[in-house]
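Reader: I have a model open and want to learn how to read it. Where do we begin?

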Amino acid sequence: MRQIELIEGYILAWNTLNPALLDPILDDKVEYHSQMVLDVLKGKTAVLEYYGKMFETINKNNSPVIAENAFLNNIPCTVLTQFFIDDGLNGNNTSLIKEGTTECGFKYNYRDSVILFEFKDEKISKINLCITPNPSEINKTAYTDLRNEKIKQLENLYS
């Protein structure tokens, strides 16, 4: 598989919240790193378990997400956007939280992250979730319809 196809598989897993889609594209020794979490997850089993729990929590909390193809200096990556209503429970780092407003005046919050990848033997060998570089500086491929659908989903939940 080409790197872009692996990233598209990763994006599909996020946009459907289906961790099983990650299994065939992750290396057995995959590592998950995050600038927001100190511990590194090592191994496919640990990473799949983590994503399973995370996707379950996102579903349970009705907190829509969208993953998009993006490029950082011509290197393929992913931008992950999580939409939510800020209830004060999203941590102290409010500098990461942005506000948006729909045409109807509904206010929502969102947080972007950049996901960079490393590859080995046609599999994803490392997933790096980053808040730096600034996600707003990344060239995204527009998933405008899906983004609008997720915002509408959030609006319907809280209106």
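Author: We begin with surface charge. Lys and Arg count as positive, and Asp and Glu as negative. Patches are made of residues with over 30% relative accessible area and no salt bridge, with like charges joined within 9 Å. Keep in mind that this is a predicted model.

Reader: Which residues form the negative surface patch?

Author: Glu 5, Glu 8, Asp 121 and Glu 122 make up the negative patch. Take Glu 122 as the example. Glu 122 sits in the loop between S6 and strand S7, which spans 123-130.

Reader: Is Glu 122 buried or exposed?

Author: Exposed means over 50% relative accessible area. Glu 122 has 54% relative accessibility, so Glu 122 counts as exposed. The backbone of Glu 122 is worth a look too. Its phi is positive, about 60°, although Glu 122 is not a glycine.

Reader: Now the aromatic rings. How is a pair of rings described?

Author: Two values describe it: the distance of the centres and the angle of the planes. Centres within 6.5 Å make a pair, and planes over 60 degrees apart count as edge-to-face. By this rule there are nine aromatic pairs.

Reader: Why is the pair of Tyr 10 and Phe 117 called edge-to-face?

Author: The ring centres of Tyr 10 and Phe 117 are 5.0 Å apart and the planes stand at 80°, so this pair is edge-to-face. Now place the two residues. Tyr 10 belongs to helix H1 (residues 3-16) and Phe 117 to strand S6 (residues 107-120), so the pair ties together parts that are 107 residues apart in sequence.

Reader: Are these two buried or exposed?

Author: Buried means under 20% relative accessible area. Tyr 10 has 0% relative accessibility and counts as buried. Phe 117 has a relative accessible area of 11% and is also buried.

Reader: What about Tyr 32 and Tyr 51?

Author: Apply the two values again. The centres of the Tyr 32 and Tyr 51 rings are 5.7 Å apart and their planes are at 85°, so this pair is edge-to-face. Tyr 32 is in strand S1 (residues 26-34) and Tyr 51 in helix H2 (residues 44-60), so the pair ties together parts 19 residues apart in sequence. Both Tyr 32 and Tyr 51 are buried.

Reader: Which residues form the aromatic cluster?

Author: One cluster holds Tyr 10, Trp 14, Tyr 32, Tyr 50, Tyr 51, Phe 55, Phe 117 and Phe 119. Select them together in your viewer.

Reader: Next, salt bridges. How many are there?

Author: The rule asks for a side-chain nitrogen of Lys or Arg within 4 Å of a carboxyl oxygen of Asp or Glu. The count comes to four salt bridges. One of them joins the side chains of Asp 23 and Lys 44, at 3.3 Å from N to O. This pair links distant parts of the chain: Asp 23 is in the loop between H1 and S1, Lys 44 is in helix H2, and they are 21 residues apart.

Reader: How accessible are Asp 23 and Lys 44?

Author: Asp 23 is partly exposed, at 35% relative accessible area. Lys 44 is buried, at 15%.

Reader: With which residue does Asp 28 form a salt bridge?

Author: With Lys 44, the closest N and O atoms being 3.6 Å apart. Asp 28 in strand S1 and Lys 44 in helix H2 are 16 residues apart, and the pair links distant parts of the chain. Asp 28 counts as exposed, at 57% relative accessibility.

Reader: And where do Lys 53 and Glu 49 lie?

Author: Both lie in helix H2, four residues apart, about one turn of the helix. Lys 53 counts as exposed at 52% relative accessibility. Glu 49 counts as partly exposed at 46%.

Reader: Which residues do shared partners join into one network?

Author: Asp 23, Asp 28 and Lys 44.

Conventions: Residues numbered from 1 in each chain as written. Predicted model: local features only at pLDDT ≥ 70, side-chain atom pairs only at ≥ 80, totals over all residues. Heavy atoms only, no water. Phe/Tyr/Trp six-rings, centres within 6.5 Å; stacked < 30°, edge-to-face > 60°. Helix = DSSP H or I, 4+ residues; strand = E, 2+ residues; numbered from the N terminus. Buried < 20%, exposed > 50% of the residue type's maximum accessible area, 1.4 Å probe, protein only. Patch = residues over 30% accessible without salt bridge, like charges linked within 9 Å, V, L, I, M, F, W, Y side chains within 5 Å. Areas by Shrake-Rupley, 256 points an atom, 1.4 Å probe, with all protein chains shown as cover. Charge placed at Lys NZ, Arg CZ, Asp CG, Glu CD.
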